[in-house]
Amino acid sequence: MKSLDVFRHALTLPSPLVPFEPDWPGAEKVSLYVKRDDAIHPVMSGNKWRKLSPVFKRDIPREIVSFGGGYSNHLHALGYACHQLNIPLTAVIRGNYTANPTPMIVDLMRWGIRICYVDRDTYKKRHDSHYLSELQQRYPDALLIPEGGSQQIALEGVSELVREIDIHVDHLIAPVASGATLAGIAAALNAQTLSSPLQPNPASAIGIGVLKGEGYLESLVENLLPITLDNWHIQHEYHMGGYAKVPHALREFCQQFNETMPFSIEPVYSGKVFWAVKDMLAKSTFEPGAQIVILHTGGLQGAR
Ligand SMILES: *Cc1c(COP(=O)(O)O)cnc(C)c1O
């Protein structure tokens, strides 16, 4: 059995912070960087490792049960980690893919993960306390991890990425789905602001909503944050019709990006973020001279 240390050696941490110089209108007025969490590991989506790492830093769980859709980056990252660490995992998956397993599910099966397909109505109960206590009775030794790995301790893992950044940051931009990533960033930026009170302009976290959820996404972030913070906001005009909706123009944008840039994006998360940055630059949203870090959360497995 590989120990957690051996496993951690396979991770590229701190993840690289690289200058980003696209020929987009407005880009010349600011300094752009990309925090390459997509480079943390070739199989596990970096963002999901950030959120899961606090779970493994504590006592290694004896067994885990978690939730996701058929393309879930979370189940994929967790499945890989459990396979490497010899932890039995039951993946509760929405829908039934027995006849047509997705590439994500094929990977889970290869890694010996127990798969439990549930219908939509059962899956809807994934946050319901009765359902969860039933599940806990069925798996008494298991740690239950919510969908997306999004729970309060996930914020600790996300905060680490902020602490790794060794340049001055005015804005840190990240995608928002369940909100844990943005919440962790806002919390960490706030801690930095408090520890250097002489900074004239406190850093802000800018979330790009990847699904239709004005108001809802804010409430997710607020519920995960231990205290109320005002150093973050979410842009809602870049979801492009909803979660995993990929209009033709976005697909083309990603394709062209991947042909010309030194790293790749996918249309569900990072594609919408870079599209949004391009649009915000064109609209002169940022103050001249701003230092802007774009978080690349990974997720390229989901695009298969
Ligand atoms: C899950 C995921 C996100 C969304 O993060 P949240 O913490 O759920 O808001 C962003 N990018 C990628 C690649 C993801 O897999």
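Predicted model: local features only at pLDDT ≥ 70, side-chain atom pairs only at ≥ 80, totals over all residues.
Good morning. Residues are numbered from 1 along each chain as its sequence is written, and side-chain values use heavy atoms, with hydrogens and water left out.

Let me begin with the overall form. With 304 residues, a compact globule would have a radius of gyration near 19 Å, and the protein agrees because its own value is 19 Å. That radius is taken over C-alpha atoms, and the globule rule is 2.2 Å times the number of residues to the power 0.38. Of the 304 residues, 54% count as buried, meaning under 20% relative accessible area with a 1.4 Å probe, protein chains only.

I now turn to helix α3. This helix covers residues 73-85, 13 residues in total, and reaches 18 Å from its first C-alpha to its last, close to the 18 Å expected; the expected span is 1.5 Å times one less than the number of residues. How many of the residues of α3 are buried? The count is 12 of 13, among them N73, H74 and Y80. What covers these buried residues includes α1, α2, β3, β4, α4 and β6, where contact means heavy atoms within 4.5 Å.

Both ends of α3 deserve a remark. At its start, a side-chain oxygen of S72 reaches to within 3.2 Å of the backbone nitrogen of H74. Just after the helix, N86 takes a positive phi of about 60°.

Finally, the ligand. Which residues come nearest to it? Of the 16 residues around the ligand, they are K48, A177, S178, T181 and T297; a residue counts as near if one of its heavy atoms lies within 4 Å. Helix α2, which is part of the cover of α3, gives the largest share of the shell, 3 residues. N73, buried in α3, has a polar side-chain atom 2.8 Å from an oxygen atom of the ligand. A polar backbone atom of A177 also lies 2.8 Å from a ligand oxygen. The protein covers 97% of the 390 Å² of accessible area that the ligand has on its own, by the Shrake-Rupley method with a 1.4 Å probe. Thank you.

How values were computed
Helix = DSSP H or I, 4+ residues; strand = E, 2+ residues; numbered from the N terminus. Buried < 20%, exposed > 50% of the residue type's maximum accessible area, 1.4 Å probe, protein only. Polar contact = N/O pair within 3.5 Å; in protein donor to acceptor, adjacent residues only side chain to side chain.
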